[in-house]
Amino acid sequence: MKPTRQIDYDDRKCQTAPEKSNIMNETGAFFGLFLSAFLAATILPAQSELGLGYLVITSKYSMGLLVLVASLGNTLGAIVNWVIGRSIASSVMRMEKIKASPRYQSIARWYQKFGRWTLLLSWAPIIGDPITVMAGIFKEPLKTFVLIVALAKTTRYVVIALFAEKFAFG
């Protein structure tokens, strides 16, 4: 039989250890949710809906706080797309040649017709990211961009969180 060693724990350390662990778990959960939402809004292939749903169902975190963190990350990711669009519009050599192309003309007419309200679709898979890039190319003011995109993305996360809660808890 192997000899075992008894470990004496200071009662005070045992009481504070779970609190530190809990803070790290919370930080990790919120950071992970923020990062997945941020990446999902960029042109990188990522998604954040399952992470939000999982945290709504399995954690005791406030649903409002989870939605806020996801919305903030997703909106900031969309701002990256807007900046990319602005950079494309200002740095592309031969922009006049691009503007003369039939494809560009078609997109420009579509954006002129529906304008900034197309940003309400920024939450949608596949089309949402290109819409936010196009808003940068067409020089949508940042303030307007952020307001509309934040509204669209927050609404989507509210619906997802409510659906997850309803699905999990009936």
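Predicted model: local features only at pLDDT ≥ 70, side-chain atom pairs only at ≥ 80, totals over all residues.
Local features require pLDDT of at least 70, and side-chain atom pairs count only at pLDDT 80 or more, whereas totals for chains, interfaces and linings use all residues. Residues are numbered from 1 along each chain as its sequence is written, and side-chain values use heavy atoms, without hydrogens and water.

The chain has seven helices and zero strands (DSSP runs, H or I of at least four residues for helices and E of at least two for strands, numbered from the N terminus). Of its 170 residues, 34% are buried (under 20% relative accessible area, 1.4 Å probe, protein chains only). Among contacts (heavy atoms within 4.5 Å) with a separation of 6 or more, 76% join residues 24 or more positions apart.

Helices H3 (residues 63-91) and H6 (residues 128-137) pack at about 45°, with axes 6 Å apart. Axes are lines fitted to C-alpha atoms over the stretch in contact, and angles run from 0 to 180 degrees between N-to-C directions. H3 contributes Ala78, Asn81, Trp82, Gly85, Arg86, Ile88 and Ala89 to the contact, and H6 contributes Asp129, Thr132, Val133, Ala135, Gly136 and Ile137.

Ser48 lies in the loop between helix H1 (11-41) and helix H2 (49-58). Ser48 counts as buried because its relative accessibility is 0%. Its side chain forms a polar contact of 2.5 Å with that of Tyr157 (a pair of N or O atoms within 3.5 Å, within protein one able to donate a hydrogen and the other to accept it, with residues adjacent in sequence counting only if both atoms are side-chain atoms). Beyond four places in sequence, Ser48 also touches Leu33, Ser36, Ala37, Ala40 and Asn74.

How values were computed:
Buried < 20%, exposed > 50% of the residue type's maximum accessible area, 1.4 Å probe, protein only.
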